[in-house]
Amino acid sequence: MLMPKEQFLNAMRFLAASVSVISAKDSSGKPYAMTASSVTSLTIDPPAILVCVNNGASIHDVLVENANLCISILNKTQQEISNICSLKNMESLRFENDFWDTTDTPFIKNAQSNIFCKVDETVTYYSHKIVIAKVLRAENADIFNTLMYADGGYLD
């Protein structure tokens, strides 16, 4: 019989989600990024978004109050950047390509959407940090072509 944790993990495999990459720079200007599927709108007034970040993620300590970040919602042609930003052993290669604009807050060029935010509050919850961020601005593609993930793989 499956334990509650395994039951929960199995149930979450059926929750389809857009694939996003969270990016930010530390105080010295070094860029960080991670793939995330735990991203959701929080409020519309003010526009705010919620992101969950594992305590072991390298970007974890960068996402502090008042830090700037970008949530790049990927399109279906951007699986490669999703993979690079999700594997720990690829961390040094995340910005070694032409996917990025790192002039200010790093963001992925040609993403489905780029949502630029400022961290308003963080909450520690066991193995994760819940990041609540105010949306400063958003840029969107003209057509829906979002990269989706469910049941352990990308959806067509």
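Q: Two strands pair if DSSP finds at least two bridges between them; which residue in β10 is the bridge partner of A48?
A: This is a predicted model, where local features need pLDDT of at least 70, side-chain atom pairs count only at pLDDT 80 or more, and totals for chains, interfaces and linings use all residues. Residues are numbered from 1 along each chain as its sequence is written, and side-chain values use heavy atoms, leaving out hydrogens and water. Helices (H or I, at least four residues) and strands (E, at least two) are DSSP runs numbered from the N terminus, and β5 pairs with β10 in the antiparallel sense over 7 bridges. Within β10, the bridge partner of A48 is K134.

Q: How many strands are there in the chain?
A: Let's walk along the sequence: the pattern reads α-β-β-β-β-β-β-α-β-β-β-β-β-β. The chain has 2 helices, and its strands number 12.

Q: What is the radius of gyration of the chain?
A: The radius of gyration is taken over C-alpha atoms, and the globule rule is 2.2 Å times the number of residues to the power 0.38. For 156 residues that rule gives 15 Å, and the chain's value is close to it, so the chain is as compact as a globular protein of that length. Along its principal axes, the C-alpha trace spans about 50 × 35 × 35 Å. The radius of gyration itself is 15 Å.

Q: Among contacts in the chain between residues at least 6 apart in sequence, what percentage join residues at least 24 apart?
A: A contact means heavy atoms within 4.5 Å. Taking contacts between residues at least 6 apart in sequence, the share that joins residues at least 24 apart is 63%.

Q: How many residues does the largest nonpolar core have?
A: A nonpolar core is a set of buried Ala, Val, Leu, Ile, Met, Phe, Trp, Tyr and Cys residues joined through side-chain atoms within 4.5 Å, where buried means under 20% relative accessible area, exposed over 50% and partly exposed in between (1.4 Å probe, protein chains only). In soluble globular proteins, nonpolar side chains tend to be buried together. Here, I22, V53, I59, L63, L69 and I71 have the most contacts inside the largest core. Its number of residues is 21.

Q: Is S82 buried or exposed?
A: S82 lies in helix α2, residues 79-86. Leaving aside neighbours within four places in sequence, S82 is in contact with V19, T35, L74, L147 and Y154. Because its relative accessibility is 2%, S82 counts as buried.

Q: What is the angle between the planes of Y149 and Y154?
A: Rings of Phe, Tyr and Trp (its six-membered ring) pair if their centres lie within 6.5 Å; planes under 30 degrees apart count as stacked, over 60 as edge-to-face and the rest as tilted. A search of the whole structure finds 4 aromatic pairs. One of them, Y149 with Y154, is edge-to-face at 5.4 Å centre to centre, and the angle between the planes is 80°.

Q: Which residue joins D45 through a cis peptide bond?
A: Look at the hairpin that joins β4 to β5 through 2 residues. The loop between these strands holds P46. With omega at about 5°, the cis bond joins D45 to P46.

Q: Is N110 buried or exposed?
A: You will find N110 in the loop between β8 and β9. Phi of N110 is near 65°, a positive value in a residue other than glycine. With a relative accessible area of 67%, N110 is exposed.

How values were computed. Two strands pair if DSSP finds at least two bridges between them.
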